[in-house]
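Let's take a walk through this fold together, starting at a single aromatic side chain and ending in the sheet. Please keep the structure open beside you as you read.

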Amino acid sequence: MFSTKNLSQKQLSAFTAFILAAPIGSGIYFLTDNWKIGLGAFILIVLGSYALILFILEKFIYRKIKLIYKLIHQTKATKKEEVYFKYLLPRKSIDEVQEDVEKWGEKQNEEIEILKKNEAYRKEFLQNLAHEFKTPIFAIQGYVDTLLDGAMEDVPVRKKFLENTSRNVERLVNLMNDLDEISRLERGEQLLYKQNFIIQDLIKESFESLSIKIGEKGLRAGIKKGCESPITVFADKEKIRMVLTNLAENASKYGKSHGFITASIYKTDEKHVLIEISDDGIGIEEEHLYRIFERFYRTDAARSRDRGGTGLGLAICKHIIEAHGQSIHVRSTPDVGTTVGFTLDSRRD
């Protein structure tokens, strides 16, 4: 079936002029009974209608369409684009232009939603950042003011307050170091020095470095039975050590007393290895799972701060793993435990 959907403005003008001229020319022929007059009238009406319709389309409709496209693209047109706007664009039908505008509108709405989410995230991040800095700063200020007000003469109090001040200074230093680390990771300034190494050996070293913290809660840390067989990965060893230490430290904080911290290692295929660190602790509510890799996000702000940490550990882990071109994920159930897993490349020859 004939369709006018994809006609250019010239074709549409000619088609419309023919439709108008045909009945008028036929009417003149029947009235005059002279085919020459009828044909002449038909030709004149076709030409006149074609010129008028084409002028109207060019002047009032397609010029507006060109302006719409320039608005949509929001950039100054190059010479090549000017040719496109002048000669190629008018061939689009009104329906096609409508589709393009609707797509543009949907894209704009999506971008607006993303901007709103980013703005909300920015506000929350700045609020959390201010809180993280205020807590140790106000503590330090309180200890110093108390010492200056006379407590300096009391040796036991002085020692205790200076020790507390030192701990809060250390917390500030750790916070600044973590912020600097995550900023460099985001900017891509942290170069990766990849090498082949046995992942089980690095896991054992990470557990041993936290043996005192793990021992204080009576936790037992080890590699899952059946996963002891050495598996070689290709990655930045020191960066992965940081990831494993962060994950093991979180597991020790939120694992239940006399519980377990278990590392599992699997070859998912010929090119990738999956590493998981699990605990049988308090777990995480499902509503929080998709946000735990955000900077400063805490599922329970008060309890989390009491347990120490900067709130940046998991965010740093995420950036390190993504810098390797891999992914990190979490599974958790309240009062059952949490598992954080990530993938790495297998051995490279």
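Is Phe-161 buried or exposed? Phe-161 is buried, with a relative accessible area of 17%; buried here means under 20% relative accessible area, exposed means over 50%, and partly exposed lies in between, with a 1.4 Å probe and protein chains only. Before going further, please note that this is a predicted model, in which local features need pLDDT of at least 70 and side-chain atom pairs count only at pLDDT 80 or more, while totals for chains, interfaces and linings use all residues. Residues are numbered from 1 along each chain as its sequence is written, and side-chain values use heavy atoms, with hydrogens and water left out.

A pair of aromatic rings is described by the distance of the centres and the angle of the planes. Rings of Phe, Tyr and Trp (its six-membered ring) pair if their centres lie within 6.5 Å, and planes under 30 degrees apart count as stacked, over 60 as edge-to-face and the rest as tilted. By this rule the count comes to 1 aromatic pair. Tyr-143 and Phe-161 form that pair, which is tilted, with 5.1 Å from centre to centre and 55° between the planes. Tyr-143 sits in helix H4 and Phe-161 in helix H5, so the pair ties together parts that are 18 residues apart in sequence. Helices (H or I, at least four residues) and strands (E, at least two) are DSSP runs, numbered from the N terminus.

Now follow helix H5 itself, residues 155–187. The expected span of a helix is 1.5 Å times one less than its number of residues. For the 33 residues of H5 this gives 48 Å, and the end C-alpha atoms are 48 Å apart, which agrees. Among the buried residues of H5 are Phe-161, Thr-165, Asn-168, Leu-172, Leu-175, Leu-179, Ile-182 and Leu-185. A helix rule is handy when you look at such a list: an α-helix has 3.6 residues a turn, so residues three or four places apart point the same way. After H5 comes Gly-188, whose phi is positive, near 75°.

Helix H4 covers residues 94–148, and Glu-132 lies in it. Glu-132 is buried, with a relative accessible area of 2%. From Glu-132 to Arg-171 the distance is 9.5 Å, C-alpha to C-alpha, although the two are 39 residues apart in sequence.

Next, the strands. Two strands pair if DSSP finds at least two bridges between them. Strand E7 (residues 337–346) is joined to E3 by 2 bridges, and the two run antiparallel. In that pairing, Val-233 stands opposite Ser-346, and Phe-234 stands opposite Asp-345. E7 also runs antiparallel to strand E5 (residues 272–279), with 8 bridges between them; there, Ser-278 stands opposite Thr-339. With strand E6 (residues 328–333), E7 pairs in the antiparallel sense over 6 bridges. E3, for its part, pairs with strand E1 (residues 194–198), again antiparallel, over 5 bridges, and Lys-194 stands opposite Asp-236 in E3. Both E3 and E7 are mostly covered: 5 of the 5 residues of E3 (residues 232–236) are buried, as are 10 of the 10 residues of E7.

Leaving aside neighbours within four places in sequence, Pro-334 is in contact (heavy atoms within 4.5 Å) with Ile-282, Gly-283, Ile-284 and Glu-285.

Finally, look at two spots that involve E7. Thr-343 is found in this strand and is buried, with a relative accessible area of 15%. The side chain of Thr-343 makes a polar contact of 2.9 Å with the side chain of Gln-326; a polar contact is a pair of N or O atoms within 3.5 Å, where, within protein, one must be able to donate a hydrogen and the other to accept it, and residues adjacent in sequence count only if both atoms are side-chain atoms. The largest nonpolar core has 46 residues, and those with the most contacts inside it include Ile-240, Phe-342 and Leu-344. Such a core is a set of buried Ala, Val, Leu, Ile, Met, Phe, Trp, Tyr and Cys residues joined through side-chain atoms within 4.5 Å.
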